[in-house]
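Reader: I am new to this structure and would like a close look at one part of it, the place where the chains come together. Please take me through that part step by step.

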2 protein chains.
Amino acid sequence: MYAVVLAGGGGTRLWPLSRPERPKPFLSLLGDQTLIQRTVARLSPLILPRDVFVVAERRHLALVSEQLPEVPAANILGEPMGRNTAAAVALAAEAVARPDGEVMLVLPADAHVADEAGFRGALAAAAEVARGGSLVTLGVTPDRPETGYGYILARPPAREVAGRPTFAVERFVEKPSTDQAADLMATGMASWNAGIFAWTRATIRDRLARYAPDILGPIRAISQAGTAADLELAYPSLRATSVDYAVMEPASVAGDVSVVPMSVGWSDLGSWAALRDAWQDAADSSEAEPAADATVGLGNRRDIGSTGSLVLAGGRLVVTIGLRDMIVVDTPEALLVCSAERSQEVRKIAEELSGPGRAPAVKQEEKT
Amino acid sequence: MYAVVLAGGGGTRLWPLSRPERPKPFLSLLGDQTLIQRTVARLSPLILPRDVFVVAERRHLALVSEQLPEVPAANILGEPMGRNTAAAVALAAEAVARPDGEVMLVLPADAHVADEAGFRGALAAAAEVARGGSLVTLGVTPDRPETGYGYILARPPAREVAGRPTFAVERFVEKPSTDQAADLMATGMASWNAGIFAWTRATIRDRLARYAPDILGPIRAISQAGTAADLELAYPSLRATSVDYAVMEPASVAGDVSVVPMSVGWSDLGSWAALRDAWQDAADSSEAEPAADATVGLGNRRDIGSTGSLVLAGGRLVVTIGLRDMIVVDTPEALLVCSAERSQEVRKIAEELSGPGRAPAVKQEEKT
């Protein structure tokens, strides 16, 4: 079994800390390690660094090498630019020469997992299912009717694999309304799409050829007989779409997708509010007394009486007084002060600031 | 008539913008002019700059000269250090050689006045009363039961001077509780103590000699026959107290104080919340549509959907989203993010940061 870590993303949702030149995977948002370092570390001992591959934009390759010295240099694949996850998966499926029947795990580089042993257990079960030849997605059991994620609806009956229930996928559901999300939760059969997949190399190459030949074709040709310059030429015209859209959704209609639900304290850290929650959980579990309404943060800071807030100080002193559910992020370039409940809107600002030239990359990030 | 502007203060209440080395009078907090520039400008044409005197700590004299080029250099008096307003008034009363019967106005350098013509009218009436030989204080008619100010309780009947009612002062009231403040407002005879006074030179010298000989004595001796070095030696051991405590309160017991109430949109700008209100008022009166709940501020800033907030950006971009009644002040040294209703607590932080050596100066500021 090997893992392909996708280190993409536009660097807009955690602005001003994340930036196009240093997006989320490469930031130390929870502790000393960066998110990509934590992603690789939590795979071990199920998958060791020598069996980890990373797909990243070329401009980020130096960051990958620097942050993951234990991953062999040959395992790091550069894309000329981000073209969303379908292209990245196709590149890994073609360029990484592993046996046809070996299981390839695909996962993003920038998520948080509280229960790492439980996470590896779910990956192992997913790999077991994948060996049977189907496409497998890992689903996160929801603890709230979140509208920011896509959902996976499972179809009973459960099949037990490696001590876990697994299901056929009934269908994928786009980001729902609040009412739809509540209905989905009520079924007990819905989970969040975390962008974590398992399949054999043979299976994904076959399904890409079937459902996304326009993406697989150029990448396969270049992998077999091309050069880096050819990839550079071909990449801009590749369809930028997610592997969910391109492969998983049509395959689920054909009854070809399984889901392994897991409940492991997963978060995509996709907003400052989500990061605040993850910080808060970490603080709660490290304290003798739960600090549920305390303010958490980093750096040179002083607080009087704030609650439910995350304060990330840069070099300067940051003084906060009486904040309620606020996000404060101080960087040398810019300062963000934001109500946690509106932290999804940070993206608007980041997109506007980065100008029209960045708009496509931002849109691609939607489904990663 | 001449005016003595007192440019003191510890620079703690509007931290991090105000600092011991550049306290509030020397900051441009409302528009392009600094507060001391606005203070001098609004006296004209009642009192022209040639008749304005300034008392400031020596370390701030360069700021005074730079910001008030129209005030003659000989009119700027340096104190070796701040010893509160009684000492500053004594210094001005002794060192400024004006006729005994001329009226001396005393006022702080860092207040805001919305209705400047009305303010000059009140000063003219106070001067008229002062010519009769009593101590006169200007009182601000309260529009809310504020607990952050001292109150002046007037005693009927009113005496009309220059078209305005004036009163004898019944007593001064220390900063009251909320209940006390409401009771005071209900009397219709209470006003806020704004630290603005009128008296003849002869009257204040006489009352200082009577009520605060320990302060007047050394200053008089040095003014008549001493040097700057003598002042330097004497100042540290002067009693640091306000002119309210030292003179006005005992004189009011003797029935020797009058009050001229005024309602001119006065604020001491003594907290970030007060400054936010003054900004808001200025924005409201300059807009076709009242912008009562908009966010106001300065500098390189972007906002989405905040209300009732003041954002002062420094050089960096400041992005705010969804703030409710918040203060954000970004300076090169430090950042403050504060709930407006708790902005009085900024002082605690500023005092702690400035260390124990600054504590006395901070306490002196209480009554200025």
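Through what surface do the copies meet, and which interface residues of chain B are also interface residues in chain A?

Author: A word on the model comes before the answer. This is a predicted model, in which local features need pLDDT of at least 70 and side-chain atom pairs count only at pLDDT 80 or more, while totals for chains, interfaces and linings use all residues. Residues are numbered from 1 along each chain as its sequence is written, and chains are lettered from A and ligands numbered from 1 in the order in which they are written.

The copies meet through the same surface, because 100% of the interface residues of chain B are also interface residues in chain A. Contact here means that the C-beta atoms of two residues, placed from the backbone, lie within 7 Å, and by that rule 23 residues of chain B touch 23 residues of chain A. On the side of chain B that touches chain A, at least two residues each come from β13 (301-304), β15 (317-321), β16 (326-330), β17 (334-339) and α11 (346-354) of chain B; these elements are DSSP runs numbered from the N terminus, with helices (H or I) of at least four residues and strands (E) of at least two. The element that gives the most to this side is β17(B), with 6 residues. Sorted by kind, the residues of this side of chain B are 14 nonpolar, 3 polar and 6 charged, where Ala, Val, Leu, Ile, Met, Phe, Trp, Tyr, Cys and Pro count as nonpolar, Asp, Glu, Lys and Arg as charged, and the others, Gly among them, as polar.

Strand β15 (residues 317-321) of chain A and β17(B) run parallel and are joined by 5 bridges, and among the partners in β17(B) is A334(B), which is bridged to L317(A). Inside chain A, strand β16 (residues 326-330) and strand β17 (residues 334-339) are likewise joined by 5 bridges, but they run antiparallel; here I327(A) has C338(A) of β17(A) as its bridge partner.

Both chains contribute to an open sheet of 6 strands with mixed pairing, whose order is β12(A)-β14(A)-β16(A)-β17(A)-β15(B)-β13(B). At its edges stand β12 (296-298) of chain A and β13 of chain B, each with a single partner strand, so one side of each is left without a neighbour in the sheet. On average, neighbouring strands of this sheet are turned by 5° against each other, direction ignored, the axes being lines fitted to C-alpha atoms, for helices over the stretch in contact, and angles running from 0 to 180 degrees between N-to-C directions.

Methods. Two strands pair if DSSP finds at least two bridges between them.
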